[in-house]
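Dear colleague,

I am handing over a structure for you to look at, and below it you will find what was found in it. Please keep it open beside this message as you read.

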Amino acid sequence: MNTIGISLFATDRKGLLRDISTIIAGLDVNITYIQQFLKDDEVQIYFELSDVRNVEELKKLLENIDSVVEVEVNRTFEEIYGKRVIVVGGGAQVSQVVLGAVSEADRHNLRGERISVDTIPLAGEEKIAEAVNAVGRLHRAAVLVLAGSLMGGEITKAVQELKADYGIPVISLNMAGSVPNVVDIVVTDPVQAGVLAIMVISSTARFDFNKVKGRKF
């Protein structure tokens, strides 16, 4: 059984998603991810599907839907971009975390693994807390690194909820505030924090996350 990506291009209309999902469900295929792009009356819908037994049959049935222009079969984002490291916080510290993460990810990706690094420099408790809350909704997000000099309050609450609801590991720099008390690993050196983030989620690294969980470096 295959896991595949499908890009469907169509003229937008009411009931289009219903017709697509009816065909997919009729083939006993599971939708694991979906996103949609709309420009004027043209729409591109990208699906990731698991339990696909016959790709050509699925493609042909989708092509026969009214208003569908083209259907492409793609590799999934997991296969192309892999797991995602998310880095959030103050600009200067974020850049150093990213330096460590990208350098370490490069070594793993050269050996065939796929790990990508995403970042957003932010300031302010409310904005950072909102970003932390959103990590659980990010496709393929595997670990969060918080970089800054002071974080607490609503950010701490958001970290606790992220860990409880989604099980995503959280690393923070050794900073003032209550955030370091609730994350999984606290790291003083931002470059090392980036390296550790890759090690935590890598499938090829000889690294036991449970042995370092709760520690400060």
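This is a predicted model: local features need pLDDT of at least 70, side-chain atom pairs count only at pLDDT 80 or more; totals for chains, interfaces and linings use all residues.

Helices here are DSSP runs of H or I with at least four residues, numbered from the N terminus.

Helix 1 itself covers residues 16-26, and within it Leu16, Ile20, Ile23 and Ile24 are buried. Seen down the axis of helix 1, these buried residues fall within an arc of 100°, so they line one face of the helix. On the other side of helix 1, Arg18, Thr22, Ala25 and Gly26 are exposed. The cover over the buried residues includes strand 1 (2-11), strand 2 (30-39), strand 3 (42-52), helix 2 (55-63) and strand 4 (68-74).

Further along, the axes of helix 5 (residues 125-135) and helix 6 (residues 154-166) come within 8 Å and cross at roughly 5°. Because angles under 35 degrees count as roughly parallel, helix 5 is roughly parallel to helix 6. Among the residues that make this contact are Ile128 and Val132 of helix 5, together with Ile155 and Leu162 of helix 6, and the residues of the contact divide into 8 nonpolar, 1 polar and 3 charged.

Lastly, the largest nonpolar core has 46 residues, of which Val85, Val132, Leu144, Leu146, Ile155 and Ile171 touch the most other members. Strand 7 (residues 141-147) gives the most to this core, with 7 residues. Apart from it lies another core, of 20 residues, including Leu8, Val52, Val55 and Leu62.

With best wishes

Technical notes. Residues are numbered from 1 along each chain as its sequence is written. Side-chain values use heavy atoms; hydrogens and water are left out. Axes are lines fitted to C-alpha atoms, for helices over the stretch in contact, and angles run from 0 to 180 degrees between N-to-C directions. Helices (H or I, at least four residues) and strands (E, at least two) are DSSP runs, numbered from the N terminus. Angles under 35 degrees count as roughly parallel, over 145 as roughly antiparallel, 65 to 115 as roughly perpendicular and the rest as oblique. Contact means heavy atoms within 4.5 Å. Ala, Val, Leu, Ile, Met, Phe, Trp, Tyr, Cys and Pro count as nonpolar, Asp, Glu, Lys and Arg as charged, and the others, Gly among them, as polar. A nonpolar core is a set of buried Ala, Val, Leu, Ile, Met, Phe, Trp, Tyr and Cys residues joined through side-chain atoms within 4.5 Å. Buried means under 20% relative accessible area, exposed over 50%, partly exposed in between (1.4 Å probe, protein chains only). The arc is that of the directions from the helix axis to the C-beta atoms.
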